[in-house]
Every structure is written in structure tokens, then in C-alpha cells.
Amino acid sequence: MSPCTYLGYPAEAMAGGGDELKLLGMWASPYVLRVKLALSLKGLDYEYVEVDLKNKSELLLSSNPVHKKVPVLIHNGKPVCESQVILQYLDEAFPGAGATLLPADPHERAVARFWAAFNDDTLLEASQAASWGKTEEERAEGEKKVVEALEKMEVGLRECSKGKPFFGGDTVGYLDVVLGGFLAWVRATDVMRGVKRFDPATTPLLAAWAERFVELDAAKAVMPDIDKMIEFANVLQARAATAAATN
């Protein structure tokens, strides 16, 4: 069994004192931010280890030998990989700590997981094409798909929130954290492009949700600095332009 396989420990064995949590991450990764948000919402203490993705540590390679990517959460020496898996793991491993992310109702839980998968499989893929497509046509097509995906996510927010402030209802839930992990990048690109990705005119629920989410104390505690994000994005764009010019 891979060390990254979901670990089915009894919840009561994980929530007591003496638990050691270590998070391997990269500061600008939205997937790592997801886990930081969940840990912050649950009020869990942990050691953060910044990983150099150009020179991956032995700890990362041994903890995630399949994908060799961050985030990796190490709980009492046992690694758990992939951001969505980690969120679900934290909910089960620490049921009495802070916010419960996944709904108790099985159908509502399934709906939240569906929209989380839609975010990663459809919205994220379209966003990457819109930002990093090799040609103007690819970027334009990606942008079109982003708009379509956001319109569907607006429906998802309406369905999940039932008119309340968050995807999780009155409180932040699983899908809030999944999408909230990308808000640092969304805010940075909004400044760079001079337009809002969550447009109040076309996706008013998402626009209002994003404003509420970033004002949460748990979010403020872990959100990276926007100016630093913009600086990093400019570096990535310069690298991409150089690579395109040499190909």
C-alpha cells in the first residue's frame, strides 16, 4: 500500500493530545493553501516545511513517491497526500476540532464532493489554459470555458448554500476551502488584468462569497501577500514567454 493511501485510523485515536502534524508545501500553491485553510479553521497546530520544488527533499520524495508533489500532511510520522484527500482526512481524524468541513448528510456530502471535483477537473483546467495557453487562440478558448464553468459554479453555490453565506451554509465547509484555496491567485490576477474573475454582474453570488471568505480570520491568517503573488506571477509569465520564444 502506498504511504499516500488514505489512512483509516479510528477518529478517537487521532484527536487526543500528543498529535504531531507537519505540512510539506510551497507557499504559492493553491493546493497547499487549501490545507492551511483547513488547519486554520480547525485550530490545529502544525509545523510547516517549505519545499524547493526544483530540488525536492528526500522527505518529500519518500512521503509522496507516486506524484512527488505538495501538499503532504504528515501525522505522527504517517503521510497523507493530495489536497482534497487531506481535507477529508482532517475532518475524520479530528472530528472535535474547530469547523466540520463535510456535511453530515450523505447526499449533501456527495454534492459537495461533486462540485469540488468540478472545480479541479473543469474550472482549474480552463483557468490554466486561459493563463498559460501557448497561442492566443488557446487562451481565448480557455477564457470562454472559464466563464462557462463559473456560471455553473454559481449554480453550485446557490444549490449548496441554500441562500446562506457559504457553500457550507452558515459556516465554512469543504467546498469553501476547496475553492478558497485559489482566491490568492484570483485576487492577484484581478490586479494584473484589471478585471474581476468573480464578476458581480455575471456571478454575483460567487463575487459576494469571495469577499466574505477572505475577510475570515482563519483565511487572513494564512493567505499569502498579494504583492508577493503578483511578483511571482510575473516571474512565471516571463519564464513562459522565454520558453515559447525558444521553441
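Domain bounds here come from an automatic or database domain assignment. Keep that in mind for the first picture. This is a predicted model.

Let's start with the overall layout. The assignment gives domain 1, residues 21-93, and domain 2, residues 106-239. Their C-alpha centres lie 21 Å apart. The contact takes 16 residues from domain 1 and 26 residues from domain 2.

There is also a record to mention. An unreviewed UniProt entry annotates residues 105-244 as "domain: GST C-terminal". That span is 75% helix and 0% strand. Its end C-alpha atoms lie 49 Å apart.

Now to helix 5. It runs over residues 106-132, so to speak, as 27 residues. From first C-alpha to last, helix 5 reaches 38 Å, close to the 39 Å expected. Where is the kink in helix 5 centred? On N119, and the kink is about 35°. N119 is also one of the buried residues of this helix. Others among them are W115, F118, D120 and L123. What do the buried residues of helix 5 pack against? Four helices: helix 2 (30-42), helix 4 (83-93), helix 6 (136-161) and helix 7 (174-180). And look at the start of helix 5. D105 caps the N-terminal end. A side-chain oxygen of D105 lies 3.1 Å from the backbone nitrogen of H107.

Next, helix 6 and what follows. S161 is found in helix 6. Is S161 buried or exposed? Buried: its relative accessible area is 6%, and the cut-off for buried is under 20%. Leaving aside residues up to four places away in sequence, S161 touches F166, F167 and G169. Then comes K162, in the loop between helix 6 and helix 7. K162 counts as exposed, at 56% relative accessibility.

That brings me to backbone geometry. Most residues other than glycine have a negative phi, and most peptide bonds are trans. K162 is not a glycine, yet has a positive phi of about 55°. K68 has a positive phi too, about 60°, and is not a glycine either. K68 sits in the loop between helix 3 and strand 3. With a relative accessible area of 36%, K68 is partly exposed.

Stay in that loop for one last stop. P71 is found there, between helix 3 (58-63) and strand 3 (72-75). Which peptide bond is cis? The one from V70 to P71, with omega near 5°.

Note on methods:
Residues numbered from 1 in each chain as written. Predicted model: local features only at pLDDT ≥ 70, side-chain atom pairs only at ≥ 80, totals over all residues. Heavy atoms only, no water. Helix = DSSP H or I, 4+ residues; strand = E, 2+ residues; numbered from the N terminus. Expected span 1.5 Å × (residues − 1). Bend = angle between axes of the 7 residues up to and from the residue. Buried < 20%, exposed > 50% of the residue type's maximum accessible area, 1.4 Å probe, protein only. Contact = heavy atoms within 4.5 Å. Polar contact = N/O pair within 3.5 Å; in protein donor to acceptor, adjacent residues only side chain to side chain. UniProt positions renumbered as here; feature names shortened; annotations may be inferred.
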